[in-house]
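Welcome! Please take a moment to look over the sequence and the 3D view, and then we can walk through a few features together.

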Amino acid sequence: QVQLVESGGGLVQAGDSLTVACVASGQILSSYLMGWFRQAPGKEREFLAAVTWRNNRKYYADSVKGRFTISRVAAENTVYLQMNNLGPEDTANYYCGVDFSFRGSYYLSTEYDVWGQGTQVTVSS
């Protein structure tokens, strides 16, 4: 059974960088897909990036490609999201999720089976 705990959120200024982390406990299977989403008040949960645990294949939303970088460190059971050049539009609660049976729809929040509690990122201007 997998549990996810996000950390690293906080208050930053526009233009700053921030890295959030998601630590997974429990058995991590090679078929897992780990993803980062965010959700701002009044908006749907938005896909940001995902990585397969077995092969370290990465997927990015067009909106953040080139600015956000997802990575996993298997020895730490941790997936990171490095976020550069943050702006107020990035303010949201950032969630880590796991898809136990990845079939290709990495961008759909409904495909993910377990979520962390979220970590708040607030970007001031």
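A nonpolar core is a set of buried Ala, Val, Leu, Ile, Met, Phe, Trp, Tyr and Cys residues joined through side-chain atoms within 4.5 Å. Buried here stands for a relative accessible area under 20%. Keep in mind that the model you see is predicted.

## The nonpolar core

The largest nonpolar core in this model holds 36 residues. Leu4, Met34, Trp36, Leu81, Met83 and Tyr94 are the ones with the most contacts inside this core. Two or more residues come from each of these elements: strand S3 (18–25), strand S4 (33–39), strand S5 (46–52), strand S7 (68–73), strand S8 (78–83), strand S9 (92–99) and strand S11 (119–124). Strand S5 gives the most, with five residues.

Setting aside neighbours within four places in sequence, Leu4 is in contact with several residues, among them Cys22, Met34, Cys96, Val114 and Trp115.

## A four-stranded sheet

Next, let us turn to a sheet. Four strands form an open sheet in the order S1-S3-S8-S7, and their pairing is antiparallel. Strand S1 (3–7) and S7 stand at the edges with a single partner strand each, so one side of each has no neighbour in the sheet. From one strand to the next, the twist averages 15°.

Inside this sheet, S3 and S8 run antiparallel and are joined by six bridges. Cys22 has Val79 of S8 standing opposite.

## The disulfide

How many disulfides does the model have? The count comes to one. A disulfide is a covalent bond between the sulfur atoms of two cysteines. Here Cys22 is joined to Cys96, with an S to S distance of 2.4 Å. Cys22 lies in strand S3 and Cys96 in strand S9, so the pair ties together parts that are 74 residues apart in sequence.

The torsion about the S-S bond of Cys22 and Cys96 is about -80°, so this disulfide is left-handed. Are the two cysteines buried or exposed? Cys22 is buried, with a relative accessible area of 0%, and Cys96 also counts as buried at 0% relative accessibility.

## A glycine in a loop

Finally, visit Gly104, which sits in the loop between S9 and strand S10 (114–115). Gly104 counts as partly exposed because its relative accessibility is 31%, and partly exposed lies between under 20% for buried and over 50% for exposed. Gly104 and Leu33 are 71 residues apart along the chain, and their C-alpha atoms are separated by 9.5 Å.

Methods:
Residues are numbered from 1 along each chain as its sequence is written. This is a predicted model: local features need pLDDT of at least 70, side-chain atom pairs count only at pLDDT 80 or more; totals for chains, interfaces and linings use all residues. Side-chain values use heavy atoms; hydrogens and water are left out. Buried means under 20% relative accessible area, exposed over 50%, partly exposed in between (1.4 Å probe, protein chains only). Contact means heavy atoms within 4.5 Å. Two strands pair if DSSP finds at least two bridges between them. Axes are lines fitted to C-alpha atoms, for helices over the stretch in contact, and angles run from 0 to 180 degrees between N-to-C directions. A disulfide is a pair of cysteine sulfur atoms within 2.5 Å.
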